[in-house]
Amino acid sequence: MSAARRRAALRLPGWTATLYWKFAVFLTVMCCTLAALLGVLVHVLVGRQTEGQARGAALDELDNAVATYIAGEPLGRNAAVDPPDLPRALREMARHKERGTQLADHRGRPTMWAVAPVDGGRALAVRLDYSDRAAATQGLDRAIIGSSAAAIGATVLVGLVAVSRITRRLHHTARVARRISTGDLDARVNDPRARRPGHAQDEAGAVAAALDAMAATLQAKLHSEQRFTADVSHELRTPLTGLHAAAELLPPGRPTEMVQERIRTMRRLTEDLLEISRLDAQVERAELDVHQLGPLAERAARATGTSTEVRVVRDARVETDRRRLERVLGNLVANAHKHGRRPVVLTVDGPVVTVRDHGDGFPGYLLDEGPQRFKSSSGNGRRTGHGLGLTIATGQARVLGAALRFSNAPDGGAVATLRLAGASGTGPGEQPVRAAT
């Protein structure tokens with residue numbers, strides 16, 4: 001097995017990366033470790049205490065047996081001189097004139113032995129049954145295990161309930177953050193704890209408050225920029241109208257044509273900026289009606305004044321705003337002619353419209369981030385800028401509820417794909433190819 005396969009085999013499931021399960025594992029391990037340490041400590045202490053008590057009782061019995069032996073009286077049934085089953089260690093202690101005790105098995109039962117030396121190098125031994133004490137210790141061990149398991153379960157359950165409240169708040173904050181990243185600046189977390197500044201806040205509340213403050217600041221700045229753009233564009237219309245009227249009074253000639261062309265360009269730019277400001281403010285509303293898509297696409301291509309090949313592979317009736325759809329298609333066709341190379345082909349295939357040129361394709365930043373206002377790039381000795389056309393097309397497509405996607409063809413060329421919603425039917429299959437000029 002290769003190293004990559006071994007790493008893939010050892011990779012944990014995705015759910016193990018969540019804070020909830022990490023906390024559950026951590027809490028379980030810590031509780032089990034603590035319960036094991038306390039259980040071992042209690043077992044050792046109680047075992048030593050019980051064994052010490054048994055040793056004391058055995059030594060007391062041994063003292064009585066020694067007194068009885070010295071008096072010449074018969075020994076009890078638990079005392080004997082040199083019993084055959086006496087542990088060897090105790091027998092050696094008696095041989096060396098020493099007293100001692102030892103816990104050992106006697107006929108399969110735990111027994112506490114005590115030994116003392118007597119005349120002739122013999123050993124006087126006493127044994128006490130240790131079964132009851134051993135059973136009590138085992139019962140204590142079972143009680144420790146049972147209570148530890150119950151305590152661990154209760155602790156983990158309470159801990160998971162507590163951490164789940166935090167993780168739910170964090171997940172809600174993450175969802176709001178994703179909504180803000182998609183352009184919904186009205187989204188707010190509105191965490192109850194964050195709205196009470198006089199009370200102590202936890203980390204989740206602090207993150208929620210920071211996110212709400214960031215969204216409010218971004219929204220205020222965006223609205224300010226939108227108002228500025230709209231105000232500037234609106235204020236420019238009046239002097240541009242005056243300039244246009246004044247240019248009409250100039251004597252015919254090349255300088256006059258250049259001035260009039262520049263004025264027309266500035267007027268188009270001003271109108272585009274006003275349109276973008278309305279799209280950013282999300283005040284635009286589509287006026288829907290049912291239209292045949294093929295003829296509508298042909299009109300949009302002809303309106304650009306360019307030589308565009310229109311192919312209707314499969315016509316469809318769509319519910320859309322004709323003016324806005326023509327605006328989107330016109331911008332896509334104009335952009336293809338301006339920044340690509342001929343031939344430019346507009347294809348209608350059911351509710352899907354594609355516009356393709358045969359140039360160098362869309363730049364990488366546009367494919368990754370989408371159209372950006374006045375964004376331009378240089379490559380292959382050419383400077384390409386996509387201005388406001390694609391930005392307006394994207395905004396109007398959003399108003400229509402359509403999906404606009406940009407890509408590059410494998411054999412070269414930029415491809416813009418518009419997928420419309422509300423298709424109510426299709427026309428005939430393959431239709432003749434027509435050219436709009």
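**Briefing: cores, an aromatic pair and a surface patch**

L38 lies in helix α2 (residues 19-71); helices (H or I, at least four residues) and strands (E, at least two) are DSSP runs, numbered from the N terminus. This is a predicted model, in which local features need pLDDT of at least 70, side-chain atom pairs count only at pLDDT 80 or more, and totals for chains, interfaces and linings use all residues. Residues are numbered from 1 along each chain as its sequence is written, and side-chain values use heavy atoms, with hydrogens and water left out.

**Surface patch**

- L38 is partly exposed, at 48% relative accessible area; buried means under 20%, exposed over 50%, and partly exposed in between (1.4 Å probe, protein chains only).
- L34, L38, L41 and L45 make up a nonpolar surface patch with about 390 Å² of accessible area together.
- Patch residues have over 30% relative accessible area and no salt bridge; like charges are joined within 9 Å, nonpolar side chains (Val, Leu, Ile, Met, Phe, Trp, Tyr) within 5 Å.
- A salt bridge is a side-chain nitrogen of Lys or Arg within 4 Å of a carboxyl oxygen of Asp or Glu.
- Areas come from the Shrake-Rupley method with a 1.4 Å probe; for residues, only the protein chains shown count as cover.

**Nonpolar cores**

- The largest nonpolar core has 33 residues; such a core is a set of buried Ala, Val, Leu, Ile, Met, Phe, Trp, Tyr and Cys residues joined through side-chain atoms within 4.5 Å.
- Helix α8 (residues 322-339) gives the most to this core, with six residues.
- L325, L329, L332, L346, F406 and L418 have the most contacts inside the core.
- Contact means heavy atoms within 4.5 Å.

**Aromatic pair**

- A search of the whole structure finds one aromatic pair. Rings of Phe, Tyr and Trp (its six-membered ring) pair if their centres lie within 6.5 Å; planes under 30 degrees apart count as stacked, over 60 as edge-to-face and the rest as tilted.
- F362 and F406 form this edge-to-face pair, at 5.3 Å centre to centre with 80 degrees between the planes.
- F362 lies in the loop between β9 (352-356) and α9 (364-369) and F406 in strand β12 (residues 403-408), so the pair ties together parts 44 residues apart in sequence.
- F362 is buried at 9% relative accessible area, and F406 is buried at 13%.

**Other local features**

- T347 sits in strand β8 (residues 345-349) and counts as buried at 18% relative accessibility.
- Leaving out residues up to four places away in sequence, T347 touches R311, V313, V352, V353 and T354.
- Just after α7, G305 takes a positive phi of about 70 degrees.
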